[in-house]
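I opened this model to look up a few local features. My entries follow in the order I made them.

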Amino acid sequence: MPMIIGGLQKNSLIDFPGTVACVVFTSGCNFCCPYCHNPDLAMGKASPDAPAITEADVFAFLERRKGMLDGVVITGGEPSLHMDLEGFCFKIKKMGYKIKLDTNGSNPGVLARLLQLQLLDFVAMDIKTSLDRYDGLVRGNLKADTIMKSVKLIMDIAPAHEFRTTCVRPFIDESIMVDIGRMIKGASHYVLQHCSRNVSVLNPSFFKLADRFFQEKEMVTLQKAVEPHVMKCSIR
């Protein structure tokens, strides 16, 4: 079953650390984060301003860019929902590209398979909030230990990794940050991200009910709360 691709960014210097890459956006997500800034992809639609893209288009593009690009970022939506992700990665690796996968950690079985086959060079996992607060962000049921299985896999097996959190009230505060620090204790890199302003989001009314954003000094406070637990913590 071919991948459902919602967009292609032809060049990026920031999405794959140390690697000139393109970014492939998959369509569809099993989370419903109200602040998601890719709402069309989250709902399983292509980006409205992007032409339809097929797997064949991606591979033709990668063939043309050999020698100019070093890697491919596969992001979403949530890529692990796609049955042909393994085959897609295999074809990309066969072309000589490195692969970075962005994931929400909801499918540790898929993640384990890709890592065991050595198809991934870098894994970035989003940590949304503390384990006991995930229920409000997920379509359907998700057990807390599912997220922890993905965290452990990434830290134990991934060649390189980072964890990251988009900081949005009420899903993040200082105490939650300490909980997350304990979840990913020993991680090589944890990134705190500002929530994007003035962009389309999945649930616009979410931002009308309260101030959801953190100021820079508040981000620093969050950073200090988690720093004792990880090797490096950055604000992005």
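I started in the loop between β3 and α3, where Gly77 sits. The model is predicted, so I kept in mind that local features need pLDDT of at least 70. I checked omega for the bond between Gly76 and Gly77: about 10°, a cis peptide bond.

I located Pro170 in the loop between β6 (161-167) and α6 (174-183).

**Positive phi**

Next I looked at backbone phi. Gln118 is not a glycine, yet I read a positive phi of about 60° there. I placed Gln118 in the loop between α4 and β5, just after α4. Is Gln118 buried or exposed? I found Gln118 exposed, with a relative accessible area of 65%.

I found Asn198 in the loop between β7 (190-194) and α7 (216-226). I looked up its relative accessible area: 82%, which is exposed.

**Helix α2**

I turned to α2, residues 55-64. Which of its residues are buried? I listed Glu55, Val58, Phe59, Phe61 and Leu62. I looked down the axis of α2 and saw these buried residues fall within an arc of 160°, so they line one face of the helix. For the spacing I recalled a general point: an α-helix has 3.6 residues a turn, so residues three or four places apart point the same way.

On the face turned away from the buried side of α2, I found the exposed residues Ala56 and Arg64. I then asked what the buried residues of α2 pack against. I wrote down β1 (5-12), β2 (21-26), β3 (71-75) and α3.

**α2 against α3**

The axes of α2 and α3 come within 11 Å. I read a crossing angle of roughly 15°. Angles under 35 degrees count as roughly parallel. The two helices, α2 and α3, are therefore roughly parallel to each other. I noted the crossing of α2 past α3 as right-handed.

Which residues make this contact? From α2 I have Glu55, Val58, Phe59 and Leu62. From α3 I have Phe88, Lys91 and Ile92. I sorted the residues of the α2 contact with α3: five nonpolar, no polar and two charged. Glu55, Val58, Phe59 and Leu62 were also on my list of buried residues in α2.

**α3 against α4**

I then took the pair α3 (residues 85-94) and α4 (residues 108-116). Their axes come within 11 Å and cross at roughly 25°. That makes α3 roughly parallel to α4. I noted a right-handed crossing for α3 and α4.

I looked up who meets whom. Leu85, Glu86 and Cys89 in α3 meet Val110, Arg113 and Leu114 in α4. I sorted the residues of the α3 contact with α4: four nonpolar, no polar and two charged.

**Helix α4**

I went on to burial in α4. I found Pro108, Leu111, Ala112, Leu114 and Leu115 buried. These residues cover an arc of only 165° around the axis, which puts them on the same side of α4. I looked at the face turned away from the buried side and found Gly109 and Gln116 exposed.

What do the buried residues of α4 pack against? I recorded α3, β4 (98-103), β5 (122-126) and α5 (144-157).

**Helix α6**

My last stop was α6. I listed its buried residues as Ile176, Met177, Ile180, Gly181 and Met183. They cover an arc of only 155° around the axis, which puts them on the same side of α6. What covers them? My list includes α5, β6, β7 and α7.

Note on methods:
Residues are numbered from 1 along each chain as its sequence is written. This is a predicted model: local features need pLDDT of at least 70, side-chain atom pairs count only at pLDDT 80 or more; totals for chains, interfaces and linings use all residues. Side-chain values use heavy atoms; hydrogens and water are left out. Axes are lines fitted to C-alpha atoms, for helices over the stretch in contact, and angles run from 0 to 180 degrees between N-to-C directions. Helices (H or I, at least four residues) and strands (E, at least two) are DSSP runs, numbered from the N terminus. Angles under 35 degrees count as roughly parallel, over 145 as roughly antiparallel, 65 to 115 as roughly perpendicular and the rest as oblique. A crossing is left-handed if the near helix is turned anticlockwise from the far one by less than a right angle, and right-handed if clockwise. Contact means heavy atoms within 4.5 Å. Ala, Val, Leu, Ile, Met, Phe, Trp, Tyr, Cys and Pro count as nonpolar, Asp, Glu, Lys and Arg as charged, and the others, Gly among them, as polar. Buried means under 20% relative accessible area, exposed over 50%, partly exposed in between (1.4 Å probe, protein chains only). The arc is that of the directions from the helix axis to the C-beta atoms.
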